[in-house]
Amino acid sequence: MEKWEKHISRKVNAEVPSEVDQRIELTLTSLPHQKKYKKKWWLSGVVALVVLSFLFSTLGLSKTIAERMSTIPVLGSVMEMVGGIEEREGQQQGLTTPIGEQVQIGDGNLTFTETMYDGQNVYVSFVLTEADENAHLIDKLRDDLLILIDGKPYPHTHLNWRGEYIEENVYAGTLSFSSISLPDSFLFTIRSIGVDEWQVDLPVERKGEKEEVELAQTFSLQNSSWTYQSITFSPTTTKVHIKTVVEEDSLFLEDYSMRLDIQDGNGRNLRSTRSNGGLKRQSDGSYAGSYTYYFEPYKGELPQEITIKPYLVNYNTENNKGPAWDQETWQGKSFTLGQGEMGELTVLDVQRNQGDLVITYQVDGNDESQQAASIWIEDQSGNRYKDDGAETRLDNHTFQQTFYDFPKDEKVTIFTEQMENHDYMKELEFTFPVQ
Amino acid sequence: MGFRSLTNEREGGIQLNVVREVNKAKKGNRKSFERLVQEYKVVMYRVSKTIVGTDEDCADATQEAILKAFYSIDTLREPKYFKTWLLRIVMNECYAILRKRNNVIDFDSIDQHLLIEEKGFEALEVEDLLQQLDPHDSKVLHLYFIEDLTLKDMAYLLDLPENTVKTQIRRAKQRANQIFTTTEEGQAWKNGKNTSQGK
C-alpha cells in the first residue's frame, strides 16, 4: 500500500468518538417508545362488558367465543384494523366470519379473530397479547407454520403475513394465501412446528365469487418470452398470472424486478398489493418461471378493457432516493404538489375528526397507484404522524388518508415524493377486452 | 425482488438477523431499530466523516439520519438493503449540512491528532496534496478505504454500476499516485538529488 493510501485508510477508519456516540445514544433514547397506535380501537374494561353481550346476542356467536373475543383489546374488526387493501375490501363487503379461537402462549393469548375466503384468497386475522415476551412467535407465524385443509397438508407456496404493534405488548396481524381448488367450506388448521407447538382449527366458508379470464398471449423480449396466462377477478383482489422462459444470457437474470401497471379504459390505475413467483433452471440452461401479481379488486362492474404495462425496477438502486419531495402547508385552500416525472398530487380538503386528520386528494399522472400512496404530513416541528395504512379510494383518481393524533393547534404540512417515470417495456404491453 | 425469486428467502452472504431485525423494526419494534443503529453506527460515522469533516457535523448528520430512518423505515421495501439505505440517508443529511455552509469543508477542521500521530511522513503535507485531487476522486478514494463498505455498497451509494465504480477507483488511484510521485520527485530535485538520473 502506498503511503498516501495508508494515510487515507487510517483517516477514514477512526473509531466513533465519544461526542458522536453520546449523540447517537441520546437520539435513540429520545425515540418514542411506541409509534402512534390506533387508539380508537382500544377497549376499556367497562366497554368490554358491553361488547361481550353484543357479540353474544347480536352476532349469534357462541358464549365461549364471545367471551374469548371480549378478552382481546380490540373493538371492531382486526381484519380491517391491520389488514391491507385486500383485507379491508373484503371486510367492508361483509365477507369476514368472526371466529374467536384462542391458544395460550406463555402468559398471553393468541386469538384468531376472523376468517375470510372469497373464492380466490383465504385470510385469517389474529391478536397476540404479551407480545414482547412472545416476540419469537411473530417470526414463527411467518416461517414455521403447517397448514392443513380438512386434515390434509396444503401445498401452499406463499403464506403472506402482515402485522403491527397496535399497543404496547399487543401485536395484531393477518395471514393469507391464494387458494388452488378449495371446497366452498372447509376446516383450516394452523399448526406451529418446533418449540411451543400449538394448533387451531378454524372453520372457513366461501363468501363471494371469482371470475377468471384466460388470456394466453405471448410476447418476446431480449432472449425471453412472456405469456399472460389469465386475469382473475374476486371480491378482494385482481390477479394476473404470467409465465416466462428466460434464456441464460437474458438481462432478466440480473438484479431486476418486473412490476405491472394495470390501467383500464375508465382511467383507473389499480393499486398493487403483493406479488410472488420465481425462476427454475431447466436442463437446457434456460429458466422457466411463474409470477402472480395481485391488485386491488374491481367493485361492481368490470371495465370494457384493461391494459397491462410492465416496467423494470433495479432493486439495487430502487431505494436510492435523495430527499426529493414537494411540500406545502395547508391554509384552507386546495393546492397542487409536484411528483416529479410521475405527475402531481392535488390536496382538495383537510378535515379534523376527533383528533385525527383526514386528507382528501387527487392524483394525476403515469402511475396513480404509486402516486396515491406517496403522502405524509409533518407539524411545524418536523414530527411525522402515523397514517391508517392503505389509503381509501373514493373514485378513479380521488383518495383519502387519515393521520392519527395530530395536535389541535398545529398547522399541517403535506408532503409527497418526486418520482422518476417507470422504465416501461413497451414490447410487453398488452391490451385486452374484459367484457 | 429479483426475477430469480420474488419472495424473501435465505441467500448466501445475507445476515438473516439483520433482515429479521429490520422486519421487526418496520412493525414498530423500537428495540430492533436500536440494535440496527448500533450495528451500523461505526460505518455511519465513517461515511459522514468523509463528507462533512468534523465530529460535530457528523453528530448532527447522524442524529437527523436516525430520526428520518426511524420514521420512514416502512418505506424500505427490501430489508436486506437496510445498511445502504441508512447510509444513503446519512449522506443526504451530510450534503444538507454542506449546502447550509455553501459547500465549504474547512481544512483546519481535519483531525489534527491523527495527523500528528503519523510518523515518518508529513501527514499535513499528504492532506494538503490530497486536496489537489478532483473532489469526486477524493470521495471515491475515501469511501473505498472504509473497511465496512464493500464495492457493492459503494456502487449503491454513488448510484453507479459496480464496474464503473471499479474504473473510477482505479483512475483515482492513478491520479493520486501521479500527484505524489510528482511531489516526491520535486522534493528530491529540491534537495539536490536527481533520482531519475541515478546519482
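Five strands of chain A form an open sheet in the order β1-β2-β3-β7-β6, with antiparallel pairing. Strands here are DSSP runs of E, at least two residues, and helices are runs of H or I, at least four, numbered from the N terminus. Two strands pair if DSSP finds at least two bridges between them. The edge strands, β1 (96-105) and β6 (160-167) of chain A, each pair on one side only. From one strand to the next, the twist averages 20°.

This is a predicted model: local features need pLDDT of at least 70, side-chain atom pairs count only at pLDDT 80 or more, and totals for chains, interfaces and linings use all residues. Residues are numbered from 1 along each chain as its sequence is written, chains are lettered from A and ligands numbered from 1 in the order in which they are written, and side-chain values use heavy atoms, leaving out hydrogens and water.

Seven bridges join β2 (residues 108-117) to β3 (residues 121-129) in chain A. Thr111(A) has Val127(A) of β3(A) as its bridge partner.

Now the cores. A nonpolar core is a set of buried Ala, Val, Leu, Ile, Met, Phe, Trp, Tyr and Cys residues joined through side-chain atoms within 4.5 Å. Buried means under 20% relative accessible area (1.4 Å probe, protein chains only). The largest core has 61 residues; Trp4(A) and Phe33(B) are among those with the most contacts inside it. Phe33(B) touches residues including Leu28(A), Leu31(A) and Ile66(B); contact means heavy atoms within 4.5 Å. Apart from this core lies another, of 31 residues, including Met258(A) and Tyr291(A).

Chain A has eight helices and 26 strands. Of its 435 residues, 54% count as buried.

How values were computed
Buried < 20%, exposed > 50% of the residue type's maximum accessible area, 1.4 Å probe, protein only. Axes fitted to C-alpha atoms, helices over the stretch in contact; angles between N-to-C directions. Lists of a residue's contacts leave out its neighbours within four places in sequence.
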